[in-house]
Amino acid sequence: MKTWKRFAHIDVGSVEQAADLLRRGNAALIAGGTDLLGGMRFEILPDYPELIVNLKTIPGLDYIREEGGGLRIGALTRLEDIARSATVRSRWTALADAAHRTATPHIREMGTIGGNICQLNRCWYFRIPDNRFHCVRKGGKTCYAMAGDNRYHSIFGALKSCLAVNPSDTAPALVALGASIRTNRRLVEAEKFWDMRVPGSTVLEPGEIVTAIEIPAPPAGAKSAFLKFAIRKSIDFPIVNCAVMVAGGEARVCLNAVHNRPWRATASEDVVRGKAIDEALADAAGAAAVAKALALPGDRNKWKIQIARTLVKRALLASA
Amino acid sequence: MTEEKKAGEVERGGISRRSFLRDAGLAAAVPAVAPIARAGEAPAPRTPAAPAGPAASEDSCDGPTMVQLTVNSGQYRCEVQPHWSLRQLLRDEIGLTSPKDWCGGLGACGSCTVILNGRPVLSCLTLACECHGAAVETAEGIANTKHPVIQAYIDYNAFQCGYCTPGFVCTAKALLDRNQNPTEADVRDALGGNLCRCATYQQHPPAVIAAAAELRRDRSRS
């Protein structure tokens, strides 16, 4: 097994201390570590952190609680705890299901919700060991997926020349449920939380750290669902996933792994607005979701368009 | 040195890899593992074993640190480097070789599974220096306590080559610790992160369900 290159390590006691260390130099945060340490072992990025800042020693960031009818989840809460939480499952079903379908049981026991929404993308050019493809996401000039094997890449075009997709399972659930992300500096709507950065996936500024997820009370009678298409039931990242919340004639529909950011399918929401969802309407909403989707030249990722369309339809029917 | 040899032998029986290397004159470094006599004592905060270098800030460790942890009911005080995995500590320092490497440290196979503070985790993606004060169970410990999951795996032929088995056994034991009566779906779900190249998958649910039944019988007898 490849061993890690040397780094220093520190246990911090507060978010402020961690933020301070992040601002000072070449440091990386560790929570569950499942994304960070895998990437470091294979040196996928040009820069290797000198210091690992352990957030797990910060007290009070691991909780699931109802607050004023809404839900608040600490950033260090393990995905498995969210998946097993009766509270989350009762009214925020899409998030419980999304957490449950993430990765493997082991990774869910280690990985946190904060880490899941901040993870780096899984593009195989980006992830190849030893930074062999110095792509646009690493400060290079080229997206190698553009002319390469892009069967898992974006069906809604590039963002800042990068065709990678956001691989999070919890992200679309958070968007569909209208969540916000609390950091040590501000509150960001989940919908505006992700972006193409070098090499990150979020709008977090240097020294900014996610502290909690805040999800409002669902509207009366709301139902939500999360569906994931992957080759295996466990382990795999999504090829496409979809979360939906339906309440009182309104729907929130979000796809992921189809674009650099989670993709809110507002066209589908328009189709179902004010109507009773049945098979035909859900089908029309699925078609609307991918009306502007475009396979990349060579059609290698064309199959994802049909999957996205069907997931939207099925998720709507599951929430109707 | 004598104490260190005992630590290896208690867990494994016979000659440990470390004591073999030492006796053969191959181990250059001073062993960094020592068993601790008094169990149940709360460990002091993790401390650097060497002064921090210029790259580190005031409280960080860029050299070896001492961690104290419980492994299979034995107490260990170990000197670890920040970049060591828990798997490395268990295998190369303590001498417990059940956490295997298959996927190369990607977190994709489950062969290195151990139970850390009650949770089945991947020891290849866990930093050893973050295990200060932790309780770790490996397949050796599960076998030493005569846990029924071991016999059930034998009875149901739930392995062929056996390489992935320690990972499966740890995952199954962690499931049985929190679920006394798992369904087949529960078992399949819990073992979803463990790969078996011999493809013995269909044997695992009946084995784990049988182990659960045996555990319930044990409890009703006691």
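Just after H5(A), A:Ala103 takes a positive phi of about 45 degrees. The structure is a predicted model, in which local features need pLDDT of at least 70 and side-chain atom pairs count only at pLDDT 80 or more, while totals for chains, interfaces and linings use all residues. Residues are numbered from 1 along each chain as its sequence is written, and chains are lettered from A and ligands numbered from 1 in the order in which they are written.

**Exercise 1.** Determine which residues of H5(A) are buried, and what covers them.

*Solution.* 
- Step 1: Helices (H or I, at least four residues) and strands (E, at least two) are DSSP runs, numbered from the N terminus.
- Step 2: A residue is buried if 20 or more other C-beta atoms lie within 10 Å of its own, exposed if 12 or fewer, and partly exposed in between, with C-beta atoms placed from the backbone.
- Step 3: The buried residues in H5(A) are A:Thr93, A:Ala94, A:Leu95, A:Ala96, A:Asp97, A:Ala98, A:Ala99, A:His100 and A:Arg101.
- Step 4: Helix H5 (residues 93-101) of chain A thus has nine of its nine residues buried, so it is largely enclosed by the rest of the structure.
- Step 5: The cover includes helices H3 (79-84), H4 (86-91), H6 (105-110) and H10 (170-176), together with strands E9 (223-229) and E10 (240-247), of chain A.

**Exercise 2.** Describe the overall build of chain A.

*Solution.* 
- Step 1: Chain A contains 13 helices and twelve strands.
- Step 2: The radius of gyration of chain A, 19 Å, is close to the 20 Å that the globule rule gives for 320 residues, so the chain is as compact as a globular protein of that length. The radius is taken over C-alpha atoms, and the rule is 2.2 Å times the number of residues to the power 0.38.
- Step 3: Among the 320 residues of chain A, 56% count as buried.

**Exercise 3.** In which order do the strands of the open three-stranded sheet of chain A lie, and which are at the edges?

*Solution.* 
- Step 1: Two strands pair if DSSP finds at least two bridges between them.
- Step 2: The order is E1-E3-E2 (chain A), with parallel pairing.
- Step 3: Strand E1 (8-11) and strand E2 (27-30) of chain A each pair on one side only, and are the edge strands.
- Step 4: Four bridges join E1(A) to strand E3 (residues 51-54) of chain A in the parallel sense, and A:Ile10 stands opposite A:Val53 in E3(A).

Conventions:
Two residues are in contact if their C-beta atoms, placed from the backbone, lie within 7 Å.
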